[in-house]
Amino acid sequence: MHARRLSISGCFEFTPRVFPDHRGLFVAPYQEEAFVEAVGHRLRLGQTNTSVSRRGSIRGVHFADTPPGQAKYVYCPSGSMLDVIVDLRVGSPTFGEWTSVVLDSSEYKAVYIAEGLGHAFMALEDETIMAYLCSEPYNPTGEHGVNPMDADLALPWPQDIEPVVSEKDTTAPYLKEALEQGLLPQYADCVAYYEKLRAAN
C-alpha cells in the first residue's frame, strides 16, 4: 500500500494494490501497518458507517468537537466521488484551505481525515457507496457542519453536476459565521490530541 501526505496536515491518501482475476477482484483498502507508519498511531475504531448516494449528492462539510473529535478513514466500495477535506482548525497555517481526492471502485484509494478537520464529498454517479471507519461513535451534541456551498471556501464541486444537498447542510453556518460562533476546533487542541494518540501508540 502506498501512502501520500496531503497538503493539509493530518490527512493522508492511501492507495492499495488491487488483485483482479477471472472471478472479480480482491483489495484491502485499510492496512494497519501502512496506516501506523504514515500517521504515527493506530486507528481507534469506534463506529463504521455506510452511505449510499445518488449522483450530485453532497454530504458535509462535517466536523466534531475536538477532543476527542472523530477521525475518519473513508473509501468508495462502489461508484465514484469527489472527497474534500477542509482545514477548520483555528490557528492552523492552512486554516480555511481545502484539498480533494477522487475515490472510486477501480483504484480503491482511501483518505484519512484527522480529528478537527472538515469532511465533505459529492457522489459522481448514482448508487455511490462510501464506507467510513470512525475513531469515535456518533455524538449528536458534538457534531457540527459548515455550509458546503460557502463561496468563501469555494469548494471544487463539478459545475456540470447539479448539487443535491440536505436541509441540514444548506442551513449550516458559513465558515465566517462558525468562526464567530466559536464552533470551530482550535489547532493547538488538535495538535495536542494528535501527540497524545502518538504517545499512546
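In the predicted model, Trp-98 touches Ile-8, Val-84, Ile-85, Val-86, Leu-153, Ala-154, Leu-155 and Pro-156, residues up to four places away in sequence being left out of the count. Trp-98 itself belongs to strand β9. With a relative accessible area of 32%, Trp-98 is partly exposed, because this value falls between the limits of 20% for buried and 50% for exposed residues. By C-alpha positions, Trp-98 lies 24 Å from Met-1, a residue 97 places away in the sequence.

Ala-154 has a backbone feature of its own. Its phi is near 50°, a positive value in a residue that is not glycine. Ala-154 is located in the loop between β13 (143-145) and β14 (164-165), and its relative accessible area of 46% makes it partly exposed. A positive phi, of about 60°, is also found at Glu-127, again not a glycine. Glu-127 sits in the loop between β11 and β12 and, at 56% relative accessibility, is classed as exposed.

His-119 is part of strand β11, which covers residues 118-123. Its relative accessibility is 4%, so His-119 counts as buried. The side chain of His-119 makes a polar contact of 2.6 Å with the side chain of Asp-83. Beyond four places in sequence, the residues touched by His-119 include Arg-59, Gly-60, Val-61 and His-62, as well as Lys-72, Val-74 and Val-84. Ile-113, Met-130 and Tyr-132 are also among them.

The loop between β6 (57-64) and β7 holds Pro-67 and Pro-68. The peptide bond joining Thr-66 and Pro-67 is cis, with omega at about -5°. The bond from Pro-67 to Pro-68 is cis as well, and its omega is near 0°.

The largest nonpolar core has 32 residues, of which Phe-14, Tyr-73, Val-111 and Tyr-112 touch the most other members. At least two core residues come from each of β2 (11-15), α1 (32-39), β7 (72-78), β8 (80-86), β9 (98-104), β10 (110-113), β12 (128-134) and α4 (187-199). Strand β12 contributes the most, with five residues. The contacts of Phe-14, apart from neighbours within four places in sequence, include Met-1, His-2 and Ala-3. Phe-14 also meets Ala-34, Phe-35, Ala-38 and Val-39, together with Tyr-73, Tyr-108, Lys-109, Ala-110 and Tyr-112.

Helix α1 has Ala-34, Phe-35, Ala-38 and Val-39 as its buried residues. Viewed down the helix axis, the buried residues of α1 lie within an arc of 110°, so they line one face of the helix. This pattern can be set beside the geometry of helices in general. An α-helix has 3.6 residues a turn, so residues three or four places apart point the same way. The buried residues of α1 pack against β1 (2-5), β2, β7, β10 and α4. On the face turned away from this buried side, α1 carries the exposed residues Glu-33 and Glu-37.

Some values describe the protein as a whole. Its secondary structure consists of four helices and 14 strands. The C-alpha trace spans about 55 × 45 × 30 Å along its principal axes. For 201 residues, a compact globule would have a radius of gyration near 17 Å, and the 16 Å of the protein agrees with this. Of the 201 residues, 48% are buried. The accessible surface comes to about 9900 Å², with 50% of it belonging to carbon and sulfur atoms. Among contacts with a separation of 6 or more, 80% are between residues 24 or more positions apart.

Note on methods: Residues numbered from 1 in each chain as written. Predicted model: local features only at pLDDT ≥ 70, side-chain atom pairs only at ≥ 80, totals over all residues. Heavy atoms only, no water. Core = buried A, V, L, I, M, F, W, Y, C linked by side-chain atoms within 4.5 Å. Buried < 20%, exposed > 50% of the residue type's maximum accessible area, 1.4 Å probe, protein only. Contact = heavy atoms within 4.5 Å. Arc of directions from axis to C-beta. Rg over C-alpha atoms; globule rule 2.2 N^0.38 Å. Areas by Shrake-Rupley, 256 points an atom, 1.4 Å probe, with all protein chains shown as cover. Polar contact = N/O pair within 3.5 Å; in protein donor to acceptor, adjacent residues only side chain to side chain.
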